[in-house]
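Good morning, everyone. Please take a look at the model on the screen, and then I will walk you through it.

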Amino acid sequence: MLVQIGTLIAATSLVQLANGFFNTFLSLRVTLEDFGPAATGIVLSAYFIGFTIGAVTSGGVIQRVGHIRAYTAFAGLVVVATALMPLWTSALVWAGCRVVIGIGCVGLFVTTESWLNAKAVPDQRGRVFSTYMVGTFLALAIGQLAIAGLTIQSAGAFQVIIALFALALVMVSTTRAEAPGLVPEATLRYGELTRQAPISVIGCVVSGIITSSFYALVPAWMLSNGVQQQTIALFMLVAVLGGLALQVPVGRLSDRNDRRLVLAGLAVGYAAAVVLLLAMPRSLATVLPVAALLGGFMSTLYPVCVAHALDRMPADRVVAVSGRLILVSGFGSALGPMIGAGIMARFDIDGLLYFMAAIALALAAFAGLRMRMREAPDKVERPFEVIDPLNPPIAQEPEATEIDGTPRPVMA
């Protein structure tokens, strides 16, 4: 069991390294291709569209063919789509390939996390997923550092990504494992979640827009304005590490207080960090601490929203609620680069930053309004969880359950 779990964690860390590297690299590459604001936004949004589609459909694929075959199929999708991109430099082709890559990546994450959840015994599950998250964040950080020595115009970056996904495929497909069992999922009627936890729904949309706009468009703007690749890589690295650093303290704060108050504070903090970034001299010494704050605030918006929604809903709806919030967040993530690219084309980076600050403040105002309208729910044992800053949690599928059949969310 330990070998299987170690292999899965190592393989998925390679996938996250490639994924974090690819997202930043593509943001830089489309800047050089000069597709235009609209086409650039579509290309950068396409991954999140695929991610959302895959989050809904990957559970059925795993149920039909099993975890190992599903992992092989999802990794194969990513490899094929990535290999096609340097052959046809077209916004339409690249957008289609990125949709496929998004489907493949979320399929890999769902497969891995449900597998881990089923294989780890209850008294070791916390340690297993803590190790998993450490590997994830380290891989994302290394992926940003790899940008520093990259030749953006060459096909070498695509080949590196293909090699990493292929290596992960070899590691998982050669391991010996039994497929986890599956249990039925409780249903959730449309509109019920919005009625019970509207701030969570709105917060997930806003979080998706802000996060996807930041990671997709900010590196592109920096490159187009002559910022060195090493500086871009360092900036994105600090943002990722800032997301990791604030997870635990914000989690403890939200578990002890009204999560809507914490959400409002995070949104105001993000807007304040944006204003600080715009007001301060743009030197490395002043920008990097603000980058850590930006990464920290925006990476904790989503998990607070999820935790609040789970507080409002019955225990047998945990899986369904998490899945519904994935769709909502994916919708926001897909909108972010498309809207942001248009704003940035007219008002430059300041316009994009002001836009993100404005919707963050709107979220804070809505959270304050909801606090006046409705009392905070009683806290239950569904605490805030550490979540990858680039992706929402995606293992809350029917297979992500305890061995005794009780659905529970896992860290993603």
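Leaving aside its neighbours within four places in sequence, which residues is Ser58 in contact with? Contact here means heavy atoms within 4.5 Å. The partners are Phe74, Gly107 and Val110. Ser58 itself sits in helix 2, residues 37-65. Its relative accessibility is 1%, so Ser58 counts as buried. Buried means under 20% relative accessible area, exposed means over 50%, and partly exposed is in between, with a 1.4 Å probe and protein chains only.

A word on where this comes from. This is a predicted model: local features need pLDDT of at least 70, side-chain atom pairs count only at pLDDT 80 or more, and totals for chains, interfaces and linings use all residues. Residues are numbered from 1 along each chain as its sequence is written, and side-chain values use heavy atoms, with hydrogens and water left out.

Now the whole chain. How many helices and strands are there in the protein chain? There are 12 helices and 0 strands. Both are DSSP runs, numbered from the N terminus: helices are H or I with at least four residues, strands are E with at least two. The chain has 412 residues, and 58% of them are buried. Take the contacts between residues at least 6 apart in sequence: 87% of these join residues at least 24 apart. The accessible surface comes to about 15900 Å², and 65% of that belongs to carbon and sulfur atoms. Those areas come from the Shrake-Rupley method with a 1.4 Å probe; for residues, only the protein chains shown count as cover.

Next, helix 6, residues 156-173. At 1.5 Å a residue, its 18 residues should span 26 Å, and its end C-alpha atoms are 26 Å apart, which agrees. The expected span is 1.5 Å times one less than the number of residues. Which residues of helix 6 are buried? They are Ala157, Phe158, Ile161, Leu164, Phe165, Ala168, Leu169 and Val172. These residues cover an arc of only 135° around the axis, which puts them on the same side of helix 6. The arc is that of the directions from the helix axis to the C-beta atoms.

On to the core. A nonpolar core is a set of buried Ala, Val, Leu, Ile, Met, Phe, Trp, Tyr and Cys residues joined through side-chain atoms within 4.5 Å. The largest one has 123 residues, and Ile210, Phe214 and Tyr270 touch the most other members. Helix 12, residues 318-373, gives the most to this core, with 16 residues.

Stay with Phe214. Beyond four places in sequence, its contacts include Pro219, Phe235, Leu294 and Met356. Phe214 is buried, and so is Tyr215. The structure holds 10 aromatic pairs. In one, the rings of Phe214 and Tyr215 have centres 5.3 Å apart and planes at 85°, so the pair is edge-to-face. The rule: rings of Phe, Tyr and Trp (its six-membered ring) pair if their centres lie within 6.5 Å; planes under 30 degrees apart count as stacked, over 60 as edge-to-face and the rest as tilted. There is also an aromatic cluster, formed by Phe21, Phe22, Phe25, Phe35, Trp94 and Phe158.

Last stop: Met280. Where is it placed? Met280 is in the loop between helix 10 (259-279) and helix 11 (284-312). Met280 is partly exposed, with a relative accessible area of 25%. Not counting residues up to four places away in sequence, Met280 touches Thr286 and Val290. Thank you.
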